[in-house]
Amino acid sequence: MGEPKAWNPNYGVVGSGDRRLAYSRQFSLSSASAAASSPRPGLARSDSSISMPVPYSPFPLHAAAAPANADFRFRWLATRPMRRLALLLALNAAYSAVELAVGLLTGRVGLVSDAFHLTFGCGLLSFSLFAMAASRTKPDSLYTYGYKRLEVLAAFTNALFLLFLSFSLAVEALHSFMQDESEHKHYLIVSAVTNLFVNLLGVWFFRSYARVNIVYRKAEDMNHHSICLHVLADSVRSAGLILASWLLSLGVENAEVLCLGIVSVAVFMLVLPLFKATGNILLQIAPGNVAPSAFIKCGRQITAYEDVSELSQGRFWELVPGHAVGCLSVQVKNGGDDQSVLKYVHGLYEDLGIQDLTIQTEGS
Amino acid sequence: MDSHNPSPPHVPEVTMDVPSTSGATGNKFCRGSSCDFSDTSKDAKERSASIRKLLIAVILCVIFMAVEVVGGIKANSLAILTDAAHLLSDVAAFAISLFSLWAAGWEATPQQSYGFFRIEILGALLSIQLIWLLAGILVYEAINRLLTESGEVQGSLMFAVSAFGLFVNIIMAVLLGHDHGHGGHGHSHGHSHDHDHGNEEDDHSHHHEGHEQGHVHRHGTSVTVTTHQHSHSSSGQHQDAEEPLLKHDGDCESSEHAGAKAVKKPRRNINVHSAYLHVIGDSIQSIGVMIGGGLIWYKPEWKIIDLICTLIFSVIVLFTTIKMVRNILEVLMESTPREIDATRLESGLRGMEGVVAVHELHVWAITVGKVLLACHVTITQDADADQMLDMVIGYIKGEYNISHVTIQIERE
């Protein structure tokens, strides 16, 4: 049937509101059935790259233009999220440049430090954009698994940055607690308000990812989620600054400390699940969408199969969320048919959603 | 002693790291705990040596930092306290490296089937990010110095403090950069990506420990019935005595007459190396600040030169980290390690007789030095699957020294 392979994002076509699809069980079931009807990977390709699904972009002209190997003429504005991110990036870059210039010329340190912070953020966002653009590149002999990992890496870096941010906000809160400076810099309010608006725009662009805990179904989920959290954290920080200066003008003591402390804790809590999830993928943890008991059950089924004498420990990891890879070793009884064992084991794991398997059969 | 004679005292040892035998072909797969990926004794030894180094560095750092903090509070100088904060960042980097080293030795669990070696890589990434962050902070401070027009900045103090910081960092660098004591000997066991284990194996064979474990572990999954008594005989005499049951010992043979081979450059553990980079980066920064401080001391009007200087040195520091970042990224992207040419490997496999096609070839590293391979090989209808499997595994181990290999044999 012409059912598209599971990892085709409907994102650009259906609109960002349809992320609800990703959270329903139907989605994963349909992806599993699509996978089961597709040609078995073990006997399929003759090139040494992973079975890449149909090219991502829903727009056919972009599919035709996708480069054959890893050259750097990426389509930077191919999908809607990329365009939005590019816009966000441009806004942020322009704003921080202006802020830096004004700060340097008028000699206001606060503006300069804010501009620095924004520049770091811009750098990260551009890395995310780069990851989005580069991840569509086909695998080659150096990157046999392709470039999709870049998205997870970008998400991880964003999460790291946010952790640093929360830590530095805590330090700032401590600093102002000890220094007890009640001189709050007025000019920072203007910059904070502008910053807040730009970041809120970013949150709106990626509003379907504005949750703390998301089930990641494919690589870009992580990247988009990290971008959303990034702009969200920045807007929370700006809002905190505005609130602090308002409270200070009302005469509330230690308002800055309080607000900064709250913002720091908030950002930390926001980013921790993303950090853990991306870290786990990079650490090659077993696929999260498959319960450990399912693996054990599969193992038992394999050992119970008539031609199999024993099974070694299977090793599974996820390249990106949704793409699991595994290696197994199976000892086949003397005179047993290894090809049927292969088919059987492949079939078992495909039911779990793991298609990329290498099974070593021995001893027949 | 006639080493051709396979009788006592050279009792042929059947050493396997898998307790059960099944058939003449032996066991080619790894049981969890006795596999390459568990913490072998060499790994543990090297790891504890690195941990010891880092612990000493941390203690020294903390002492110096305490000195600076006390001095800074007494002299009521922000500059000294700032430098103490930089030393604190050094401590943080060492702490990250220590944790990574310790965590990488954890036993593999079913959830983390490859063990925790990747934590080393993530820890190193974190360290590098810290370096970048510090460089950014330093540039910011320089701009700050430029903007505060008042003469608060004392060039002499800056100079003195950063000189002290430089001195401390140089001590650390010497401590951390000191190569492994065993590294310099002439025995190289072939291929460069085996660096972490290479040193210990040199150690074993050189110091006549006659310990089998090293080699058997490297060949992970093979049954070797050999008289590998390299502790008692010089390299040349092995050739006849070895009658490996399986042809998995290609690289072992080659390594035995590698006595005269070029010295393999001993590679540091990636975490020690990242801590070392951190310290080097700090020294470079200290030099930059010293120059800036000296300039301000000499001519307080030339503040802009201080900023330029800091910028230049920050860029230099960033350049020192590039190579490590590239290594880290390559591992995290599951890419083929640099030492291995995947196209050549694939064509070599395809050239073997009986092999029709090779697909889904993947080579990737768990951490720098531990390489895995997985591929699907299609063979002709009448070829013997087990024999083909042995040939392929032997070829890969011999040519490329990848010991953890999973091959799926298919018939056309």
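The structure is a predicted model. In the contact, chain A takes part with 64 residues and chain B with 62 residues.

Polar links also cross the interface. Between chain B and chain A there are 16 residue pairs in polar contact, both residues being at pLDDT 80 or more. The count of salt bridges between chain B and chain A is one. This salt bridge joins the side chains of A:Arg149 and B:Glu334, with 2.8 Å from N to O.

On the side of chain B that touches chain A, at least two residues each come from several elements, including α10 (303-332), β3 (355-367) and α12 (385-400) of chain B. The largest share of that side is supplied by α3(B), with 15 residues. By residue class, the side of chain B that touches chain A has 34 nonpolar, 18 polar and ten charged residues.

Within chain A, strand β4 (residues 356-362) is mostly covered, since seven of its seven residues are buried. In a regular strand the side chains alternate between the two faces of the sheet. One side of β4(A) holds A:Asp356, A:Thr358, A:Gln360 and A:Glu362, the other A:Leu357, A:Ile359 and A:Thr361, and all of these are buried. β4(A) pairs with strand β3 (residues 323-332) of chain A in the parallel sense, over seven bridges. In β4(A), A:Asp356 stands opposite A:Val325.

Methods: Residues numbered from 1 in each chain as written. Chains lettered and ligands numbered in written order. Predicted model: local features only at pLDDT ≥ 70, side-chain atom pairs only at ≥ 80, totals over all residues. Heavy atoms only, no water. Contact = heavy atoms within 4.5 Å. Salt bridge = Lys/Arg side-chain N within 4 Å of Asp/Glu carboxyl O. Polar contact = N/O pair within 3.5 Å; in protein donor to acceptor, adjacent residues only side chain to side chain. Helix = DSSP H or I, 4+ residues; strand = E, 2+ residues; numbered from the N terminus. Nonpolar A, V, L, I, M, F, W, Y, C, P; charged D, E, K, R; others polar. Buried < 20%, exposed > 50% of the residue type's maximum accessible area, 1.4 Å probe, protein only. Pairing = 2+ DSSP bridges.
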